[in-house]
Amino acid sequence: MADSPASTVRLNKFLAQSGVASRRGADAMIAAGRVKIDGQAAQPGSQVAPGQVVTVDGTPVAAERLTYLMLNKPVGYVTTMEDPEGRPTVVKLLDVVERVVPVGRLDAMTSGLLLLTNDGDLAYKLGHPKHGVPKTYRAIVRGLPGSAALRKLQQGVHLDDGRTRPAEVKVIGTRSGGAELEITIKEGRNRQVRRMCSTVGYPVMELERIAYGPLTLGRLGIGASRALKPHELEALRSAASGG
Ligand code: URA
(Lines give C-alpha, C1' and ligand atoms only; values in the text may rest on other atoms or scores of the structure.)
Protein backbone atom coordinates (compact mmCIF):
# COMPACT_ATOMS: atom_id res chain seq x y z
CA MET A 1 0.00 0.00 0.00
CA ALA A 2 1.28 3.49 -0.79
CA ASP A 3 2.28 5.82 2.05
CA SER A 4 0.19 8.93 2.30
CA PRO A 5 0.30 11.86 2.49
CA ALA A 6 3.76 12.30 0.93
CA SER A 7 6.64 12.62 3.42
CA THR A 8 4.86 10.50 6.04
CA VAL A 9 5.56 6.79 6.09
CA ARG A 10 3.52 3.85 7.29
CA LEU A 11 4.58 2.81 10.78
CA ASN A 12 5.35 -0.80 9.89
CA LYS A 13 7.63 0.41 7.08
CA PHE A 14 9.28 2.93 9.40
CA LEU A 15 10.01 0.19 11.93
CA ALA A 16 11.31 -2.09 9.20
CA GLN A 17 13.57 0.63 7.81
CA SER A 18 14.88 1.25 11.30
CA GLY A 19 15.85 -2.42 11.62
CA VAL A 20 13.42 -3.15 14.48
CA ALA A 21 11.55 -5.96 12.77
CA SER A 22 10.16 -7.05 9.45
CA ARG A 23 6.97 -5.25 8.39
CA ARG A 24 5.01 -8.29 9.49
CA GLY A 25 6.85 -8.44 12.82
CA ALA A 26 6.22 -4.72 13.24
CA ASP A 27 2.49 -5.26 12.63
CA ALA A 28 2.48 -7.82 15.45
CA MET A 29 4.28 -5.41 17.80
CA ILE A 30 1.79 -2.64 16.93
CA ALA A 31 -1.17 -5.01 17.49
CA ALA A 32 0.28 -5.98 20.86
CA GLY A 33 0.27 -2.31 21.91
CA ARG A 34 4.06 -2.13 22.26
CA VAL A 35 4.51 0.80 19.87
CA LYS A 36 3.75 4.47 20.56
CA ILE A 37 3.99 7.59 18.41
CA ASP A 38 4.63 10.75 20.42
CA GLY A 39 3.43 8.88 23.51
CA GLN A 40 0.14 7.71 21.99
CA ALA A 41 -0.55 4.02 21.35
CA ALA A 42 -0.10 3.36 17.61
CA GLN A 43 -2.70 1.70 15.40
CA PRO A 44 -2.06 -0.83 12.61
CA GLY A 45 -2.45 1.81 9.88
CA SER A 46 -0.62 4.65 11.68
CA GLN A 47 1.64 6.96 9.70
CA VAL A 48 4.83 8.54 10.99
CA ALA A 49 5.56 12.14 10.05
CA PRO A 50 9.05 13.68 10.08
CA GLY A 51 10.01 14.69 13.61
CA GLN A 52 7.65 12.30 15.43
CA VAL A 53 9.11 10.05 18.14
CA VAL A 54 8.36 6.37 17.84
CA THR A 55 8.98 4.10 20.82
CA VAL A 56 8.87 0.32 21.17
CA ASP A 57 8.38 -0.85 24.75
CA GLY A 58 9.22 2.70 25.79
CA THR A 59 12.56 2.84 23.92
CA PRO A 60 12.89 5.44 21.14
CA VAL A 61 13.55 3.95 17.75
CA ALA A 62 16.55 4.95 15.68
CA ALA A 63 17.53 8.51 15.17
CA GLU A 64 17.12 9.64 11.59
CA ARG A 65 19.48 7.83 9.28
CA LEU A 66 21.67 9.85 6.97
CA THR A 67 19.97 9.58 3.62
CA TYR A 68 21.27 10.48 0.17
CA LEU A 69 18.94 10.47 -2.79
CA MET A 70 19.04 11.28 -6.45
CA LEU A 71 15.80 12.47 -8.06
CA ASN A 72 15.04 13.00 -11.72
CA LYS A 73 13.11 16.22 -11.22
CA PRO A 74 10.23 16.79 -13.61
CA VAL A 75 9.47 20.22 -15.08
CA GLY A 76 6.91 22.14 -13.00
CA TYR A 77 8.12 21.11 -9.52
CA VAL A 78 9.83 23.58 -7.19
CA THR A 79 12.88 22.73 -5.10
CA THR A 80 11.84 24.89 -2.15
CA MET A 81 10.00 23.17 0.70
CA GLU A 82 6.87 25.26 0.10
CA ASP A 83 5.66 27.41 -2.74
CA PRO A 84 3.50 30.52 -2.34
CA GLU A 85 2.14 29.89 -5.85
CA GLY A 86 1.01 26.41 -4.83
CA ARG A 87 3.19 24.53 -7.30
CA PRO A 88 4.14 21.00 -6.24
CA THR A 89 7.42 20.55 -4.37
CA VAL A 90 9.96 17.86 -5.16
CA VAL A 91 9.68 16.34 -1.67
CA LYS A 92 6.18 15.18 -2.64
CA LEU A 93 7.82 12.83 -5.10
CA LEU A 94 9.84 11.04 -2.41
CA ASP A 95 8.97 8.04 -0.31
CA VAL A 96 11.24 8.55 2.71
CA VAL A 97 10.55 9.53 6.27
CA GLU A 98 13.86 11.34 6.72
CA ARG A 99 13.75 15.12 6.34
CA VAL A 100 15.89 15.41 3.26
CA VAL A 101 16.28 18.75 1.53
CA PRO A 102 17.50 19.58 -1.97
CA VAL A 103 21.20 20.28 -2.44
CA GLY A 104 21.09 23.63 -4.22
CA ARG A 105 18.24 24.50 -6.55
CA LEU A 106 16.82 23.81 -9.93
CA ASP A 107 14.31 26.24 -11.45
CA ALA A 108 10.73 25.03 -11.65
CA MET A 109 11.09 24.78 -15.44
CA THR A 110 14.39 22.86 -15.27
CA SER A 111 14.35 19.07 -15.09
CA GLY A 112 16.95 16.50 -14.22
CA LEU A 113 19.39 15.43 -11.54
CA LEU A 114 18.64 16.77 -8.08
CA LEU A 115 20.38 15.50 -4.95
CA LEU A 116 18.53 15.47 -1.66
CA THR A 117 19.98 14.69 1.75
CA ASN A 118 19.65 15.29 5.46
CA ASP A 119 23.46 15.40 5.72
CA GLY A 120 23.86 19.12 6.21
CA ASP A 121 27.67 18.95 6.23
CA LEU A 122 27.89 17.33 2.83
CA ALA A 123 25.20 19.61 1.36
CA TYR A 124 27.12 22.64 2.61
CA LYS A 125 30.40 21.46 1.10
CA LEU A 126 28.79 20.59 -2.23
CA GLY A 127 27.35 24.08 -2.48
CA HIS A 128 30.53 25.87 -1.45
CA PRO A 129 32.10 27.78 -4.35
CA LYS A 130 35.58 26.87 -3.02
CA HIS A 131 35.15 23.28 -4.22
CA GLY A 132 33.58 24.19 -7.57
CA VAL A 133 31.78 20.90 -8.05
CA PRO A 134 30.93 20.72 -11.78
CA LYS A 135 27.31 20.48 -12.90
CA THR A 136 26.43 19.58 -16.46
CA TYR A 137 23.32 20.74 -18.28
CA ARG A 138 21.75 19.89 -21.60
CA ALA A 139 20.26 23.09 -22.96
CA ILE A 140 18.13 23.56 -26.04
CA VAL A 141 18.60 27.16 -27.13
CA ARG A 142 16.76 29.23 -29.72
CA GLY A 143 19.05 29.92 -32.67
CA LEU A 144 22.42 28.47 -33.62
CA PRO A 145 25.25 30.01 -31.60
CA GLY A 146 28.38 30.71 -33.62
CA SER A 147 31.95 30.45 -32.44
CA ALA A 148 31.98 33.96 -30.90
CA ALA A 149 28.96 33.23 -28.69
CA LEU A 150 30.33 29.83 -27.71
CA ARG A 151 33.67 31.38 -26.81
CA LYS A 152 31.95 33.94 -24.58
CA LEU A 153 30.03 31.20 -22.78
CA GLN A 154 33.28 29.28 -22.32
CA GLN A 155 35.40 32.19 -21.17
CA GLY A 156 32.89 34.00 -18.96
CA VAL A 157 29.79 36.12 -19.43
CA HIS A 158 29.11 39.40 -17.63
CA LEU A 159 25.91 38.94 -15.61
CA ASP A 160 24.41 41.47 -13.22
CA ASP A 161 25.98 39.57 -10.29
CA GLY A 162 29.43 39.43 -11.90
CA ARG A 163 31.31 37.55 -14.56
CA THR A 164 30.83 33.79 -14.73
CA ARG A 165 33.79 31.46 -14.31
CA PRO A 166 35.05 29.51 -17.32
CA ALA A 167 32.62 26.86 -18.50
CA GLU A 168 32.81 23.88 -20.83
CA VAL A 169 30.41 24.24 -23.74
CA LYS A 170 29.84 21.71 -26.52
CA VAL A 171 27.39 21.78 -29.39
CA ILE A 172 25.74 18.36 -29.41
CA GLY A 173 23.43 18.89 -32.37
CA THR A 174 20.88 21.09 -34.03
CA ARG A 175 17.11 21.09 -33.75
CA SER A 176 14.50 22.89 -35.80
CA GLY A 177 15.32 26.49 -35.06
CA GLY A 178 17.73 25.70 -32.28
CA ALA A 179 20.83 24.00 -30.98
CA GLU A 180 21.43 21.44 -28.28
CA LEU A 181 24.32 22.40 -26.02
CA GLU A 182 26.07 20.62 -23.19
CA ILE A 183 27.24 23.16 -20.63
CA THR A 184 29.33 22.41 -17.55
CA ILE A 185 29.62 25.10 -14.89
CA LYS A 186 31.36 25.04 -11.54
CA GLU A 187 29.14 27.62 -9.90
CA GLY A 188 25.53 27.53 -8.79
CA ARG A 189 24.13 31.01 -9.21
CA ASN A 190 20.44 31.59 -9.58
CA ARG A 191 19.23 30.70 -13.12
CA GLN A 192 22.84 30.82 -14.22
CA VAL A 193 22.67 28.79 -17.43
CA ARG A 194 19.54 30.56 -18.61
CA ARG A 195 21.07 33.96 -17.92
CA MET A 196 24.37 33.06 -19.59
CA CYS A 197 22.65 31.87 -22.76
CA SER A 198 20.25 34.83 -22.91
CA THR A 199 23.10 37.27 -22.43
CA VAL A 200 24.90 35.96 -25.52
CA GLY A 201 21.65 36.06 -27.51
CA TYR A 202 20.47 32.44 -27.41
CA PRO A 203 17.64 32.00 -24.89
CA VAL A 204 17.12 28.59 -23.35
CA MET A 205 13.95 26.77 -24.37
CA GLU A 206 14.59 23.55 -22.43
CA LEU A 207 17.04 22.81 -19.64
CA GLU A 208 17.95 19.53 -17.99
CA ARG A 209 20.75 18.77 -15.53
CA ILE A 210 22.38 15.55 -16.59
CA ALA A 211 25.32 15.34 -14.16
CA TYR A 212 26.25 16.57 -10.71
CA GLY A 213 29.96 16.08 -9.96
CA PRO A 214 30.67 12.39 -10.56
CA LEU A 215 26.98 11.41 -10.67
CA THR A 216 24.82 11.01 -13.74
CA LEU A 217 21.10 10.33 -14.13
CA GLY A 218 21.58 7.02 -15.93
CA ARG A 219 18.22 5.35 -16.56
CA LEU A 220 16.37 7.01 -13.70
CA GLY A 221 12.89 7.84 -15.02
CA ILE A 222 11.36 11.30 -14.75
CA GLY A 223 9.89 11.75 -11.26
CA ALA A 224 11.72 8.69 -9.91
CA SER A 225 14.26 8.75 -7.10
CA ARG A 226 16.73 6.30 -5.64
CA ALA A 227 19.31 6.09 -2.87
CA LEU A 228 22.90 6.74 -3.88
CA LYS A 229 25.06 3.64 -4.11
CA PRO A 230 28.03 3.46 -1.71
CA HIS A 231 30.58 4.11 -4.48
CA GLU A 232 28.54 7.13 -5.68
CA LEU A 233 28.47 8.58 -2.19
CA GLU A 234 32.20 8.06 -1.83
CA ALA A 235 32.84 9.82 -5.15
CA LEU A 236 30.53 12.66 -4.17
CA ARG A 237 32.29 13.13 -0.83
CA SER A 238 35.60 13.23 -2.62
CA ALA A 239 34.28 15.86 -5.09
CA ALA A 240 32.90 17.89 -2.17
CA SER A 241 36.30 18.02 -0.54
CA GLY A 242 37.96 19.21 -3.73
CA GLY A 243 39.09 15.70 -4.77
N1 URA B 1 20.88 27.17 -14.43
C2 URA B 1 19.63 27.59 -14.67
O3 URA B 1 19.44 28.52 -15.42
N4 URA B 1 18.62 26.96 -14.07
C5 URA B 1 18.79 25.91 -13.25
O6 URA B 1 17.81 25.37 -12.73
C7 URA B 1 20.10 25.48 -13.00
C8 URA B 1 21.14 26.12 -13.61
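Tutor: Start with a term: two strands count as paired if DSSP finds at least two bridges between them. Keep in mind, too, that this is a predicted model.

Student: Okay, so what holds paired strands together in general?
Tutor: Strands of a sheet pair through backbone hydrogen bonds, and they can do so in a parallel or an antiparallel way.

Student: In what order do the four strands of the open sheet come here?
Tutor: Reading across, you get β3-β2-β5-β6, with antiparallel pairing. The edges are β3 (40-41) and β6 (59-60), each of which pairs on one side only.

Student: How many bridges link β2 and β5?
Tutor: Three bridges, with β2 covering residues 35-37 and β5 covering residues 54-56, in the antiparallel sense.

Student: Let's move to the ligand. Where does the ligand sit?
Tutor: It's in the largest pocket. Residues count as surrounding it when one of their heavy atoms lies within 4 Å. Here those are L106, D107, T110, Y137, R191, Q192, V193, R194 and L207. By type, that shell divides into four nonpolar, two polar and three charged residues.

Student: Which helix gives the most to that shell?
Tutor: Helix α5 (residues 192-199), with three residues.

Student: What about polar contacts?
Tutor: Look for N or O atom pairs within 3.5 Å. The side chain of T110 has an N or O atom 3.1 Å from a ligand oxygen. A polar backbone atom of R191 is 3.3 Å from an oxygen of the ligand, while a backbone N or O atom of V193 lies 3.1 Å from a ligand nitrogen.

Student: How much of the ligand's exposed area does the protein bury?
Tutor: Taken alone, the ligand exposes 230 Å², and the protein buries 96% of that.

Conventions. Residues numbered from 1 in each chain as written. Predicted model: local features only at pLDDT ≥ 70, side-chain atom pairs only at ≥ 80, totals over all residues. Heavy atoms only, no water. Helix = DSSP H or I, 4+ residues; strand = E, 2+ residues; numbered from the N terminus. Polar contact = N/O pair within 3.5 Å; in protein donor to acceptor, adjacent residues only side chain to side chain. Areas by Shrake-Rupley, 256 points an atom, 1.4 Å probe, with all protein chains shown as cover. 1 Å grid on protein atoms, 1.4 Å probe; cavity = no way out; pocket = protein on both sides within 12 Å on 5 of 7 lines; lining within 4 Å. Sits in = over half its atoms within 2 Å of the grid points. Nonpolar A, V, L, I, M, F, W, Y, C, P; charged D, E, K, R; others polar.
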